[in-house]
Amino acid sequence: MKLAEKLAAWLEAGRADLGEVRIGRTAEGFELHHYLDEPGELQSYQQAEDAIELGKLDAAGKYRPLRSAPTLQRGWRLELGSLEDVVRALEFFYPAMLGTAAAFEEKAGRPVDLRETLNRQSGMYRVAGKITNEQADALIGEVCPPNRCLKTITWQIEPGVAITSLPAGKLELGHDLLECGRGFIPLPCEECCNILVAAARETVKRAPA
């Protein structure tokens with residue numbers, strides 16, 4: 001199923017939130033806006049590519065290195081004519097998340113354990129693989145909580161070693177991390193990001209020899 005068809009099915013089922021973006025229908029097509037804003041007196045944009053700039057900076061004008069951080073700026077309205085344009089805009093806001101969400105819904109998601117990710121690092125990041133499971137669990141609790149990232153973690157530290165440092169809802173795809181009480185499309189974290197890998201490297205370097 002194409003992503004536009006999958007998105008149409010989600011919207012038909014009332015699942016109109018992806019991260020901090022809310023998708024609504026209008027007489028002319030679709031309207032995207034920040035979930036905390038009400039449609040109305042918002043600055044209007046009409047191109048899917050406008051999502052690139054809207055997602056780049058937070059409200060204070062600072063660069064957002066992690067697109068899944070709950071720091072999306074407010075005050076905008078993105079008016080789009082087709083579902084294909086909505087898919088393109090959402091891919092700019094949350095790269096690859098629609099396809100990943102569809103894969104997990106179809107039981108085809110492929111989580112990669114943290115240890116596997118760290119063990120294949122090379123160069124200056126190779127040392128990150130020396131982090132202990134206990135250090136990794138504590139680090140995940142610092143780097144990945146919902147107030148820093150809206151993705152739902154689907155991986156373990158290593159087979160049989162679960163994450164214990166995060167709220168249970170952060171590990172459940174059906175849990176509404178923003179607590180909106182509305183239908184939503186999850187943001188599955190299939191593999192740890194470079195931010196956590198870099199933090200693991202620093203943890204190992206700081207540890208007493």
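Two strands count as paired here if DSSP finds at least two bridges between them. Keep that in mind for the views below, which come from a predicted model.

**View 1. The sheet, strand by strand.** Six strands make up an open sheet with mixed pairing, in the order S4-S5-S3-S2-S1-S7. At the edges stand S4 and S7 (183–185), each with a single partner strand, so one side of each has no neighbour in the sheet. Going from one strand to the next, the twist averages 30 degrees. As a reminder, strands of a sheet pair through backbone hydrogen bonds, in either the parallel or the antiparallel sense.

**View 2. Strand S5 and its two partners.** Strand S3 (residues 30–34) pairs with S5 in the antiparallel sense, over 4 bridges. To find this pairing, look for Phe30, whose bridge partner in S5 is Leu80. Strand S4 (residues 43–45) pairs with S5 too, but in the parallel sense and over 3 bridges.

**View 3. Where S1 meets S2.** Strand S1 (residues 15–18) and strand S2 (residues 21–25) run antiparallel and are joined by 2 bridges. Leu18 sits opposite Val21 of S2. Leu18 also turns up in the next view but one: its C-alpha is 8.9 Å from that of Met97, although the two are 79 residues apart in sequence.

**View 4. Helix H4 and what it packs against.** H4 spans residues 97–105. Its buried residues are Met97, Leu98, Thr100, Ala101, Ala102 and Phe104. What do the buried residues of H4 pack against? Their partners are helix H1 (3–12), S1, helix H3 (83–93), S7 and S8. Just past the helix, Lys107 takes a positive phi of about 60 degrees.

**View 5. Zooming in on Met97.** Is Met97 buried or exposed? Its relative accessible area is 4%, and the cut-off for buried is under 20%, so Met97 counts as buried. Leaving aside residues up to four places away in sequence, Met97 touches Glu91, Lys151, Leu187 and Pro188.

**View 6. The largest pocket.** About 420 Å³ of space lies in this pocket. Its lining takes in 30 residues, and those nearest the centre are Leu66, Ser68, Cys149, Cys193 and Ile195. H4, strand S8 (188–189) and helix H7 (194–206) are the elements that each give two or more residues to the lining. By residue type, the lining of the largest pocket splits into 18 nonpolar, 4 polar and 8 charged.

**View 7. The cavity.** Rolling a probe the size of a water molecule over the atoms shows where empty space is left. How many cavities of 30 Å³ or more are there? The count comes to 1, with about 150 Å³ of space in the largest cavity. Its lining has 14 residues, of which Gly19, Asp176, Leu177, Leu178 and Phe184 are the closest to the centre. Sorted by type, the lining of the largest cavity has 8 nonpolar, 3 polar and 3 charged residues.

How values were computed: Residues numbered from 1 in each chain as written. Predicted model: local features only at pLDDT ≥ 70, side-chain atom pairs only at ≥ 80, totals over all residues. Heavy atoms only, no water. 1 Å grid on protein atoms, 1.4 Å probe; cavity = no way out; pocket = protein on both sides within 12 Å on 5 of 7 lines; lining within 4 Å. Points joined across faces, edges and corners; volume = space filled by probe spheres on them. Nonpolar A, V, L, I, M, F, W, Y, C, P; charged D, E, K, R; others polar. Buried < 20%, exposed > 50% of the residue type's maximum accessible area, 1.4 Å probe, protein only. Contact = heavy atoms within 4.5 Å. Axes fitted to C-alpha atoms, helices over the stretch in contact; angles between N-to-C directions.
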